Each structure stands twice: as C-alpha cells, then as structure tokens.
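Open the model in your viewer and keep the selection tool ready. We will go from the whole chain down to single side chains.

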Amino acid sequence: MNLSRIRLELARTPDFPEGSSRHGYEFVAPLTSDSHIDPKTWKEVKDRCEVTRFWDGDEEQGMLRHVGKGWRFDYDVTENADDEPFFKLDRHALTPGAYVSITEHDGVQRAFKVVSVTPVPG
C-alpha cells in the first residue's frame, strides 16, 4: 500500500495574483502507480486519510471521503454542509505542478496547485 502526503496550495486568484503558500491543504491518500487516488485501497485505509486545511494561520482537520465517483474533504461526519468536493478528481493525477479544483465552504470553486507528493512512512 502506497500512502502519500499531498500538499495543495492556492493557485492564482484575483486576491492572490501569485497564488499563496499560506492557503491550502495537506492530506494523505493512497495513490496508484500513475498518481491517481486508488478508491479500492482507500476503503482499507480511509481512517488514515486525514486532511488539514490551512488558511492564513487557521487550521481545520478532516478526512478524505469517497462518495460515488467523487472525492471530498469532510470536516464533520454528522453533516454535509461543511464538505468541500473536488471537481472530477478521479480524472486527475496528483503530481507536482498539476492543478485540481475544490469547492470550498463559501461555495466558491478555487484552483489549487499540487506542490509536493511524499511517501508516508509505515
């Protein structure tokens, strides 16, 4: 099983024309050999697939969830209002330099750049 720690940082936006390393996510996920999230392996290790959302000094802890074909970050399992879904993550390889889109708490979809993918020991 190959678990990886993936760091996403905010891509260019009108508020951050150069992007921002102070806004993003760091999460753990099982990746296939072609760097896609592996849904079969995720079922076996889902309690290890944690996410930290960092936003200008504030942090929020949650889990990576697989719903249907989609992926999302879930911060409170008792409700869905706080979930942050990815846009078609099943089609994207998580390699440094790639971009993914997430619809955040405020309902705005933002692009994030994959800045690192590192193996999780053990």
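Show the surface of the protein chain. Its accessible area comes to about 7,000 Å², and 47% of that belongs to carbon and sulfur atoms. Such areas come from the Shrake-Rupley method with a 1.4 Å probe; for residues, only the protein chains shown count as cover. This is a predicted model: local features need pLDDT of at least 70, side-chain atom pairs count only at pLDDT 80 or more, and totals for chains, interfaces and linings use all residues. Residues are numbered from 1 along each chain as its sequence is written, and side-chain values use heavy atoms, leaving out hydrogens and water.

Switch to cartoon. The protein chain has 1 helix and 8 strands. From the N terminus, the order is β-β-α-β-β-β-β-β-β. Here helices (H or I, at least four residues) and strands (E, at least two) are DSSP runs, numbered from the N terminus.

Now colour by burial. Of the 122 residues in the protein chain, 42% are buried. Buried means under 20% relative accessible area, exposed over 50%, and partly exposed in between (1.4 Å probe, protein chains only).

Select leucine 8. It is in strand β1 (residues 3-10). Leucine 8 is buried, at 0% relative accessibility. Which residues does leucine 8 touch, not counting residues up to four places away in sequence? Among them are Tyr25, Phe27, Phe86 and Phe112. A contact means heavy atoms within 4.5 Å.

Next, pick out the aromatic rings. Rings of Phe, Tyr and Trp (its six-membered ring) pair if their centres lie within 6.5 Å; planes under 30 degrees apart count as stacked, over 60 as edge-to-face and the rest as tilted. The count by this rule is 6 aromatic pairs. Select tyrosine 25 and phenylalanine 112. Their ring centres are 5.2 Å apart and their planes stand at 75 degrees, so this pair is edge-to-face. Tyrosine 25 sits in strand β2 (residues 20-30) and phenylalanine 112 in strand β8 (residues 109-119), 87 residues apart. Tyrosine 25 is buried, at 0% relative accessible area. Phenylalanine 112 is buried too, at 0%.

Move to tryptophan 42 and tryptophan 71. Their ring centres lie 5.7 Å apart with planes at 85 degrees, so they also pair edge-to-face. Tryptophan 42 is in helix α1 (residues 39-45), and tryptophan 71 is in strand β5 (residues 70-74). Both are buried.

Last, select Tyr25, Phe27, Phe73, Phe86 and Phe112 together: they form one aromatic cluster.
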